[in-house]
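The following note sets out points for a colleague who is reading the model alongside its sequence. Please consider them in the order given.

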Protein chains: 4
Amino acid sequence: MCKLASTFSLRTFSTDEDLVKKRRNHIVQCATKAFTKQGFSQTTMREIAKACQMSSGNLYHYFGAKDEILYSIINTATSLQAECLENFTRDLDSMSPTDALVQLIRKLLQWHDENQDVTLFTYQETKNLPRNARQDIFDSECRIVSLFEKLLRSGIDSGEFTINHPKLMAHTIVTIGHTWALRRWFLRRYWTFETFVNEQTSAILKAVRRDTSAIAGDGSSNEG
Amino acid sequence: MCKLASTFSLRTFSTDEDLVKKRRNHIVQCATKAFTKQGFSQTTMREIAKACQMSSGNLYHYFGAKDEILYSIINTATSLQAECLENFTRDLDSMSPTDALVQLIRKLLQWHDENQDVTLFTYQETKNLPRNARQDIFDSECRIVSLFEKLLRSGIDSGEFTINHPKLMAHTIVTIGHTWALRRWFLRRYWTFETFVNEQTSAILKAVRRDTSAIAGDGSSNEG
Amino acid sequence: MCKLASTFSLRTFSTDEDLVKKRRNHIVQCATKAFTKQGFSQTTMREIAKACQMSSGNLYHYFGAKDEILYSIINTATSLQAECLENFTRDLDSMSPTDALVQLIRKLLQWHDENQDVTLFTYQETKNLPRNARQDIFDSECRIVSLFEKLLRSGIDSGEFTINHPKLMAHTIVTIGHTWALRRWFLRRYWTFETFVNEQTSAILKAVRRDTSAIAGDGSSNEG
Amino acid sequence: MCKLASTFSLRTFSTDEDLVKKRRNHIVQCATKAFTKQGFSQTTMREIAKACQMSSGNLYHYFGAKDEILYSIINTATSLQAECLENFTRDLDSMSPTDALVQLIRKLLQWHDENQDVTLFTYQETKNLPRNARQDIFDSECRIVSLFEKLLRSGIDSGEFTINHPKLMAHTIVTIGHTWALRRWFLRRYWTFETFVNEQTSAILKAVRRDTSAIAGDGSSNEG
DNA sequence: CATGAATGAGGTTTCATTCAT
DNA sequence: TATGAATGAAACCTCATTCAT
C-alpha cells in the first residue's frame, strides 16, 4: 500500500551483482552483531572489518560509508519483517478475522523474539540515518501496520469487531511487538514468551471484540 | 518502593552547592536540546558549551565527562517523572480504582506529551551509559510501573478488575505512554492527543474490567 | 642474570612485524631528538610526528600512547647498553682482571659519551613511566652492574683486588659513567674525555687494588 | 667564590615583604611534596593550591607562574645546601685536611640523605627552567664543588694528598653525594647509610692520599 | 578483487592563568 | 588580601576514509 522505491542508495565499486549481494549480506550479518554489542557510534570500521574477516578497505567496495551499513541493517530487517508477515497473512485467508488476528499477533511476536537485537537497534539508531534513508524504514513499518489494519477492518465488516480507530489499534498491536524486544530487561525477568503472547492477545481481543460498554472516543479522526 | 541511592556520581570542582545545582540545571537544559537535535554521539562538547553560552572548560567544572551530562539528563527526567506521578497518585486516594486509573493514565500521557524529546532520548541513549548509571534509570522506571500495579491490585481487591498478571498490565500501560513519544512521527499524522488518550484508555479498561471470557493464560508467572 | 621478560607492552595495529620494527625504530630515533631538546612533557605528539615526517595518526599505528614511545626510547637504550657491554666483556676473558676492568670502564664511558642525551633523558624521564615499565629499565641497569661486579669478584679471587663490597663498588663505577653524561655542563668545561677516563680509572684502581690501609667498613651488608 | 646575584626574578603583587617570604616558604614546602610525588608537569596548580591550603588565585600573588615555584624549590634547596656546607667548613679550620675531608663528605651525604627528594627533583626538573634560572642553580653547585676543591688543595699543600686534578676529584665527591639520593632504589636495597658513607669515604681517601702508583693522567687540563 | 598503511580533521579533556567579587 | 569561577588554547588520541600495491 505504501511501498515506495528505495530512496537511499548504496555505493559499490563492483559490477558483479551476485558477489555484491553475497558480500553485503555477510557484512550486514557481522556488523549487526558488532553494533548490537557496542552501539553504532562506538563501533569502528576496523571492528566491523575484523568481524567480517575482511580488510577495512574492502568494506568500501560494497558500501560507500559506515552510514550505508547501518541503513542496510535496519532496512533489510524491516523489509524482511514486512515481507515475512505479508507472506504469512496470505495463509490466513481462510480463517475468521479473530483467528487470523491471533495467529498474526503470535507471528509478529515471534519475529521480535527472534530478532530482538534488530528491533532495539532500529529504535536506537534510526536517528543516525539521513532523512531519505529514514523514510524507507518508515515505509516498511507502514506496511506492517497496514496488515493488521486490514485484518481489523475485515473483522469489523464481518461484525466480529467493534473498533473506533482501526489504524490506531493496528499501530498499538505493532508496538506491543516492539515492546517484547525493547523492554526485555524488564519483561524477561517476570514472564515467559508464552505468557506474554497469551496475555497481550487476550487484552487485544477484549479491546476489539464487539462490545457496547466502551467509553466513547471523541469521534474525531484523520484516519482515511 | 525500589528507590535506591544513586550509584553513578557526578564530578565537580566547585564546592558551592547552589551554584553547582544551578549550572548543572542550565547545562542539562541546553544539552538536551542539542542532543535531541543531533543525537548524543554527534553532539560535541564544544557545541554543548556554545549552547550553554559557556566555555567548554567550564562545563568540566560541573560535569566530569560527556557521559555524566547524558546520565544527568536521563536520570533527572526519569526521576522527575516518577516523582510527578507519585505525587499525583496521592490525590487519587479517594477515587475508585477505575477513576483513579483513568486519571493516572491521562497524567502519564500528558507527561510524555510534554517531554517527548526526553522519552525518545532515553530509549536511544541509555545504552551509552555505564552499567551502574543504567541501573539508576531502571529503578525509576520500576517505581512508575509499581504505581500502576498498585492501582490495578486495589481494583482487583475491590472487585472492579479482573487481571491475571497485574504487573504485566502495569508495564503495558507504561509502554503505551512511551509510544506516544516514540512514535510521534506516525501517531501525530493521524490522531490528536485527546483521541489517543481516550482510545488507549478505553482499550485498557476493556482489558482489565471484570469479565469472564478471557483466553486463558498459561498460569505460569514469576510475579510476586 | 637478571634478564626478565618485558612486562610493559607496546600496542600496534599492524601485523607486519618487519614494518613495525622499522617504523618504531624511526620514531624512536626522531622522538629522542625532540624529547632531548624540549623534555618529554613539553614535546607534543604533533611535533614528534613532524620530526618523523609522519602524520600524527600514523604514530598510533606503532605506539599506543606517548608513554610507550618514552618507554621504548629508554628501554631500547638501556637494553642496548647492557647488551653492548656484555658482548664486550666476552672479549676480555683472556685478560687479567685489572686490565679487563680498565677496558670495561673505558667502554662504559665511551658508551655514555656517545649517548649522552639518552643517559640524561633516562634520569629525567623514567619517573614518567608506569611502574612495570620502570621495572624493565631497572633490570637492564642491574645487568650492567652485575658485569662489573663479576669482574671485581674475579679480581678478588685472583688476589689483585681487595674490596669489602664489590657490588657497591660496581655500582659506583656505573654511576661514574652516568656522571660523564649528566654533568657535561660542568665536566666539559674543564676536561677532555681522555682526561676524565684516565683520572677516574686511576681513582678506581687505587680504591680496589690490594691494600691494607682501608678505613674499616662496619662490616654490615646485605650483599649476597 | 662564584656567588652571583640571582638572575631569575619572582613576581609578587604584595608589598609586605615578610608576608611574601612567609607565604613563599610555605608554598615551596608544600609544592615540593606534591612535585616529588607526581613530577612537575603532572602536578597542577590546583593540586599545589590544595596542598598549601590556599586558593589557586592566591598562589599568583606570591609567584608569577608555575615555573617560578619550581625555580624557587630548586634554588632554595641548592643555596641552602651550599650555605650549610660553607658554614660547616668553617668549623673544620683547625683539623687536618684528611680529617676535614672525612667530616665534610659525611656532612654532604647527610644532607642528601635528609633531602633525597630535592636532589632527585633537581636532576629531573632543572631542564624545565629557563636558561637564566638554570644558571643560578649551576652557580650554587659550583660553590659546593669549590668547597671540596679548596680542601683538597690544602691537603696537597700540606703534603697529605696527591691529586692530578683536584677540581675533578672535588666534583666526583659531590656526585657521590647525589648518587645516594638518585639511586636509592638500588642502594637502599643492599646497604645502610653508614656502610655507604664509610665505603665511599674509604675509596676517596685511597684515591687522594699520597701514593706513587697511579696510572699517569695525560697531564692536560683546563683547570685554572 | 583485496589489503592495510597512511592521513588529518576533529573529538574529549586538561590546566595555567585571569579577574570580578 | 583572598577566592574560585571562568577562560580558551592546546594536549592526546581516534577513526572514517583513501589509495598505492
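1. Aromatic pairs. Over all chains of this predicted model, a search of the whole structure finds 42 aromatic pairs. Rings of Phe, Tyr and Trp (its six-membered ring) pair if their centres lie within 6.5 Å, with planes under 30 degrees apart counted as stacked, over 60 as edge-to-face and the rest as tilted. The pair of A:Phe138 and B:Trp185 is stacked, because the ring centres are 3.8 Å apart and the planes stand at 15°. This pair crosses between chains, from helix α7 (residues 131-157) of chain A, which holds A:Phe138, to helix α9 (residues 184-190) of chain B, which holds B:Trp185. Helices (H or I, at least four residues) are DSSP runs, numbered from the N terminus.

2. Buried means under 20% relative accessible area, exposed over 50%, and partly exposed in between (1.4 Å probe, protein chains only). A:Phe138, at 18%, is buried, whereas B:Trp185, at 22%, is partly exposed. Within chain A, the rings of A:Trp185 and A:Phe186 form an edge-to-face pair, with centres 5.8 Å apart and planes at 90°. A:Trp185 is partly exposed at 23%, while A:Phe186 is buried at 2%.

3. Cluster and charges over rings. One aromatic cluster is formed by A:Phe138, B:Trp185, B:Phe186, B:Tyr190 and B:Trp191. A charge sits over a ring if NZ of Lys or CZ of Arg is within 6 Å of the ring centre and within 35 degrees of the ring normal. A:Lys167 lies over the face of B:Tyr190, at 4.6 Å from the ring centre; C:Lys167 lies over the face of D:Tyr190, also at 4.6 Å.

4. Relation of chains A and B. Chain B is superposed on chain A by a rotation of 179° with 0.0 Å of shift along the axis, at an RMSD of 0.1 Å. The two copies are thus related as by a two-fold rotation axis. The C-alpha of B:Gln124 is the one nearest the axis in chain B, 2.1 Å from it. The superposition is by least squares on the C-alpha atoms of residues with pLDDT of at least 70 in both copies.

5. Salt bridges. A:Arg184 and A:Asp117 meet in one of them (3.1 Å, N to O). A:Arg184 lies in helix α9 (residues 184-190) and A:Asp117 in helix α6 (residues 116-125) of chain A, so the pair ties together parts that are 67 residues apart in sequence. A:Arg184 is partly exposed at 25%, as is A:Asp117 at 33%.

6. Further charged pairs. Which side chain does D:Glu141 meet in a salt bridge? The partner is C:Arg183, at 2.6 Å, N to O. This pair crosses between chains, from helix α7 (residues 131-158) of chain D to the loop between α8 (166-182) and α9 (184-190) of chain C. D:Glu141 and C:Arg183 are both buried. In chain A, a network of salt bridges links A:Glu149, A:Arg153 and A:Lys167.

7. Conventions. Residues are numbered from 1 along each chain as its sequence is written, and chains are lettered from A in the order in which they are written. Local features need pLDDT of at least 70 and side-chain atom pairs count only at pLDDT 80 or more, while side-chain values use heavy atoms, with hydrogens and water left out.

Conventions: Helix = DSSP H or I, 4+ residues; strand = E, 2+ residues; numbered from the N terminus. Salt bridge = Lys/Arg side-chain N within 4 Å of Asp/Glu carboxyl O.
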